[in-house]
Amino acid sequence: MTDHTATGIQILDDKLGGGFTRPAAILLFSDHPSEKRLFAEQFVITGVRAGERCLYVDFFRAPQLARRELTKFGAFDERLAVFVDATSAQLLIPSTERYAIHEMGDLDHIMDTVERAIRETKPARVVVDSMEFLADRFPKDAVFRRWRQLLEVGKQEGATVSYLFLNWTYGQTEVERIEDMSDYVVEFQSRMRTGVLQHFLRIRHSGGEGVQTNWIPYTFKELVGLTVYFPRILVTGPFNAGKSTVVRALCKDTVSVDRLGTTVAFDYGNIEVMGLEAEVFGTPGQERFDFVFQIFAREVNGILLVIDGTRAEDLVRAKQIRELAGRNVPTVVLANKADLPGQLSPDEIRSRLDLGAEVPVVRTIATEGQGITEALRLLAEMILGLR
Amino acid sequence: MTIQTDERTTREGDAPLGVRAQLQSAIEDLRRLADIIAVAIARRDGLVIAHDLPKDVDPKRTAAMTAAIVGTSELAARELGQGRFLQAIVDSEYGKMLSTGAGEEALLVTLVRPEANMGLVLLGVERAAARIAAILSGT
């Protein structure tokens with residue numbers, strides 16, 4: 001028995017102290033159609049991979065189909081993923097599952113079956129996909145009564161129960177009641193901007209205390225699962241500070257448009273670490289290339305501002321670059337070339353760059369990869385609202 | 001897109017998916033022209049919107065490079081007093097890459113065989129760019 005259930009997104013789990021507490025009730029909520037199921041599926045697969053038994057109640061998919069779809073996360077031990085079959089009865093075919101709902105018009109029968117499955121299998125994790133299926137079909141008071149009872153049974157059996165809920169039936173009061181029954185609320189949102197569809201999630205403790213993240217952009221990768229996804233991290237700073245070296249130290253595979261040892265267009269690379277994926281754009285440092293900066297400086301998730309930690313005279317330009325990108329964008333300063341003599345003191349760097357207390361300064365040696373991962377982690381935590 | 005769409009989201013007729021389908025069909029229609037090898041739609045700031053690039057080409061890198069080419073070309077055209085930017089053509093040994101503005105926000109990238117009838121290609125590209133601009137103006 002662990003007292004946490006990991007989400008499977010490393011950087012989040014690190015900050016949640018290993019994941020959601022267990023037992024717990026987790027509301028996976030959206031008020032518009034948004035992708036929620038991937039998070040729930042990842043939650044189950046992460047449990048199964050940790051050797052935990054998981055129960056999946058799926059009102060929309062046949063268990064065979066759901067099992068097949070779960071293989072998009074890679075192979076898993078099917079014996080640990082127990083399904084409650086709610087579709088065979090809808091299709092009037094016999095079920096081959098140990099737990100099957102026979103009468104879809106009977107809320108008590110549905111919930112009794114789910115509760116029996118929880119009591120008998122004692123899963124670490126339960127997913128109910130989804131509560132709006134019930135909210136759409138049965139009277140509100142009855143749904144609430146059984147919902148509450150389900151969570152009690154889950155708690156008694158030591159399970160972390162998560163339930164998807166797309167609200168288009170209930171008003172604000174009911175949604176608040178549901179949040180009150182839950183320990184965590186994970187909200188989902190999908191946004192479209194100029195043809196690019198982006199997905200976000202936000203995690204908070206119900207009741208306003210404890211964890212509260214920003215909207216976290218995420219993506220799904222076949223065989224990998226859900227990852228935090230930053231479409232744009234800028235690596236920028238004055239001429240010859242080591243920006244391209246930072247991009248190369250961060251990314252396993254990069255392209256650079258450089259001539260005579262200096263970047264004339266941009267560096268580009270892709271990061272996959274800590275349950276995090278990011279596109280990294282390195283800009284040229286010289287003012288005459290500022291137009292390149294302007295092309296890529298839109299909708300920036302975060303900035304790694306690279307400076308040469310020995311050159312006070314470059315800091316005016318560094319400050320100007322930061323202003324060009326926007327002071328509100330989460331930023332980490334990399335005081336690079338920390339292996340050279342004549343290092344500026346952190347206070348001097350802070351005051352010359354006019355940094356607020358929220359901006360960390362990290363000493364790095366980009367040529368040896370030192371400090372780079374730490375800087376990225378700090379930046380990611382700032383963007384996610386975990387710092 | 002790497003994200004798989006929830007079938008319920010599709011069933012509920014979410015508007016964004018409509019846009020994506022329309023963009024995909026604009027790409028397919030342009031692809032039908034002879035001599036066109038591949039097509040991509042990117043944002044002017046270098047993000048991929050939609051594409052049918054070959055498997056061995058990284059769409060994200062392509063989008064970033066195209067954004068840099070167009071951004072630079074636009075500026076050069078303006079600085080040199082040549083007026084509004086229309087298109088950048090990168091002419092290479094095994095083909096041409098056309099980067100055409102498709103509205104305020106997007107770019108249309110077309111890869112063309114070297115021996116192509118450029119008059120015909122340009123006409124198709126121009127139409128596709130206008131269509132993409134119209135689709136995206138609704139989002």
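Okay, let's start with chain B: of its 139 residues, 40% count as buried. Buried here means that 20 or more other C-beta atoms lie within 10 Å of the residue's own, with 12 or fewer making it exposed, anything in between partly exposed, and the C-beta atoms placed from the backbone.

Before I go on, this is a predicted model: local features need pLDDT of at least 70, side-chain atom pairs count only at pLDDT 80 or more, and totals for chains, interfaces and linings use all residues. Residues are numbered from 1 along each chain as its sequence is written, while chains are lettered from A and ligands numbered from 1 in the order in which they are written.

So what is chain B built from? It has 4 helices and 5 strands, and along the sequence they come as α-α-β-β-α-β-β-β-α. Helices and strands are DSSP runs, numbered from the N terminus: H or I for at least four residues, or E for at least two. Now take the contacts in chain B between residues at least 6 apart in sequence: 49% of them join residues at least 24 apart. A contact means two C-beta atoms, placed from the backbone, within 7 Å.

Next, where do the chains meet? 28 residues of chain A are in contact with 31 residues of chain B. On the chain A side, helix 10 gives the most, with 4 residues. That side has 16 nonpolar, 5 polar and 7 charged residues. For the classes, Ala, Val, Leu, Ile, Met, Phe, Trp, Tyr, Cys and Pro are nonpolar, Asp, Glu, Lys and Arg are charged, and the others, Gly among them, are polar.

On to chain A itself, which is divided into domain 1 (4-221) and domain 2 (229-384); those bounds come from an automatic or database domain assignment. Over C-alpha atoms, the two domain centres are 39 Å apart. Between the domains, 10 residues of domain 1 are in contact with 10 residues of domain 2. On the domain 1 side, strand 11 of chain A gives the most, 4 residues.

Last stop, helix 13 of chain A. How far should its 13 residues, 372-384, span? At 1.5 Å a residue you'd expect 18 Å, and the end C-alpha atoms are 18 Å apart, so that agrees. The expected span is 1.5 Å times one less than the number of residues. Several residues in this helix are buried, including Ile372(A), Leu376(A), Leu379(A) and Ile383(A). Just after the helix, Gly385(A) takes a positive phi of about 80 degrees.
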